[in-house]
Amino acid sequence: MLSHENNASVDYDVVLIGAGIMSATLAVFLKELQPDLEIAIFERLDRVAAESSDAWNNAGTGHSALCELNYTPQREDGSIDISKALKIIESFEVSKQFWSYLVGDGYFSSPKSFINSIPHMSFVWGEEDVDYLRKRHEALQTSHLFKGMEFSDQPEILASWMPLVMQNRTESEKIAATRIELGTDVNFGELTRSLFNHLKEGHEIEVFLNHEVKSLEQDEMRHWFVKVEDETNDINKTVRAKFVFIGAGGGALRLLEKSDIQEGEGFGGFPVSGQWLVCKNEALIAQHHAKVYGKAKVGAPPMSVPHLDTRIIDGKKELLFGPFAGFSTKFLKQGSFFDLAFSLTPHNILPMLSAGIHNLPLTKYLIEQVMLSFEDKIEALREFIPNATESDWELAVAGQRVQVIKKDEEEGGVLEFGTEVIASADGTLAALLGASPGASTSVSIMLELLHKCFKDQMASEAWTAKLNEMIPSYGKHLADDPQLTHRVRQWTHEVLQLNHIGILRNSGI
């Protein structure tokens, strides 16, 4: 465990690789919990939050399972499994508590710079999917966490919820939607930049840009030698650290492999790229104010669930549709086409081949997506906006994601659609692999990492007291406590200046 014994033998207590939302969140936790820690962040690009955390590379939904249908699968008997939805919405409530504490601690000039109120809706068509959505709504209403969600299959009500989506639809069309006002839009790029700015100015954390980590090696004292290339000055240097976190998005897998920790063996990565359709017509943008999620096609990865998405980016309202998935051998948007090849090792090649064989629908789906023309993408948009015209839209490249492939004794290898924290047995190194719902649940993910790698400190009275101050529901389950949920929601929505205070106060949500 991390301590200050023999501190003269290390350059830093903690080295964080990658300047995205995960490293920023972990750095804030560690500095708030133990202010005297020496922390350095190394980022290979020339700015922070430039990859998966960037607003244009991230869905920004504030993933809380309010509208994302892939978090509520239908069982074989027709019932709806809401267990994952409960876990995700609770994780996002934890994130809101953490950010609210930081607002009070002076981390942001205004919370509206990174979080805003946007209704979340699910929209389906066809008798089978309408039936599914009705069952989903009924299942979610068994939990107070989803109180306030409405269901309708009445065209006049749907037109009031999402007028742009309902224009020029036939009365005979079977459609339905759910709506909940508690949704948010989050600019994780702006959030990350604000966290790093405060860390540098208020906590004197060093952030090294244009610095790429080349290798990791542990010595007999369980310290890590981190070899870094300063690309600006063409200088190589090595720093020694007690703890290393690899939060480099798609680049994390390769660095995990270089660490040679036993726990990292057998992991592989499957890269998925994406594109948005971005609206250029201000009149259309003004007509829509919601995040409207559809149902994923068979084989589609979670990041490719189609949605018509109101975004607030750098203070400006935007309207996006997509993302359309694609395949690229890059693991990062600004990565190398050799990333996939270089990630292959004797430990993961069989799991990766096995996962490929067991996920042929995904392969087929990605091939179909790659083959789509601009006109085909507009045609897909017309399922959401029936009278969409090509001249109102343009294509923009979305982020690059790497889905986790894990070794599996029965199947050889399985493809995971989520995130995974891998930690060394001695707790001196951890890495985060995976994608959705990543950024939205970053606070819960980093708490999981702290429990794995800082066990003694997390059990201490000092850290426990501070964590309870930062996150009032820490150590409790909001899903089991309606009163606590109501209290923390009222607090967070007031501090974060979300437009839900009246709704929360009147309904007891």
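This is a predicted model: local features need pLDDT of at least 70, side-chain atom pairs count only at pLDDT 80 or more; totals for chains, interfaces and linings use all residues.

User: How many helices and strands does the protein chain have?
Analyst: The protein chain comes to 17 helices and 20 strands.

User: And what share of the residues is buried?
Analyst: Of the 509 residues in the protein chain, 57% are buried. As for contacts between residues at least 6 apart in sequence, 72% join residues at least 24 apart.

User: Which residues touch the most other members in the largest nonpolar core?
Analyst: Those are F29, W99, F245 and L447, out of 59 residues in that core. Helix 1, residues 21-33, gives the most to this core, with nine residues. As a general point, nonpolar side chains in soluble globular proteins tend to be buried together.

User: What is F29 in contact with, leaving aside its neighbours within four places in sequence?
Analyst: F29 contacts F98, V443, M446, L447, L450, L467, M470 and I471. One of those, L447, is also among the core residues that touch the most other members.

User: Switching topic: at what angle do helix 2 and helix 16 pack?
Analyst: About 50°, and their axes are 9 Å apart. Helix 2 covers residues 83-104 and helix 16 covers residues 482-495.

User: Roughly parallel or oblique, then?
Analyst: Helix 2 and helix 16 are oblique to each other, because angles under 35 degrees count as roughly parallel and those from 65 to 115 as roughly perpendicular.

User: Is that crossing left-handed or right-handed?
Analyst: The crossing of helix 2 and helix 16 is left-handed.

User: Which residues meet there?
Analyst: From helix 2 you get I89, E93, K96, Q97, S100, Y101 and V103, and they meet V488, R489, W491, T492, H493 and V495 in helix 16. By type, the contact residues divide into six nonpolar, four polar and three charged.

User: Okay, A176. Buried or exposed?
Analyst: A176 is buried, with a relative accessible area of 0%. You'll find A176 in strand 6, residues 175-180.

User: What surrounds A176 in terms of contacts?
Analyst: Leaving aside neighbours within four places in sequence, A176 contacts S122, F123, V124, V130, L133, F151, S152, D153 and L158. A176 and F123 are 53 residues apart in sequence, with 5.9 Å between them in space, C-alpha to C-alpha.

User: Last one: where is N281?
Analyst: N281 lies in the loop between strand 12 (268-279) and helix 8 (282-287). N281 has a relative accessible area of 23%, so that residue is partly exposed.

User: How far apart are N281 and D392?
Analyst: In sequence they're 111 residues apart, and in space N281 and D392 are 5.4 Å apart, C-alpha to C-alpha.

Definitions and conventions
Residues are numbered from 1 along each chain as its sequence is written. Side-chain values use heavy atoms; hydrogens and water are left out. Axes are lines fitted to C-alpha atoms, for helices over the stretch in contact, and angles run from 0 to 180 degrees between N-to-C directions. Helices (H or I, at least four residues) and strands (E, at least two) are DSSP runs, numbered from the N terminus. Angles under 35 degrees count as roughly parallel, over 145 as roughly antiparallel, 65 to 115 as roughly perpendicular and the rest as oblique. A crossing is left-handed if the near helix is turned anticlockwise from the far one by less than a right angle, and right-handed if clockwise. Contact means heavy atoms within 4.5 Å. Ala, Val, Leu, Ile, Met, Phe, Trp, Tyr, Cys and Pro count as nonpolar, Asp, Glu, Lys and Arg as charged, and the others, Gly among them, as polar. A nonpolar core is a set of buried Ala, Val, Leu, Ile, Met, Phe, Trp, Tyr and Cys residues joined through side-chain atoms within 4.5 Å. Buried means under 20% relative accessible area, exposed over 50%, partly exposed in between (1.4 Å probe, protein chains only).
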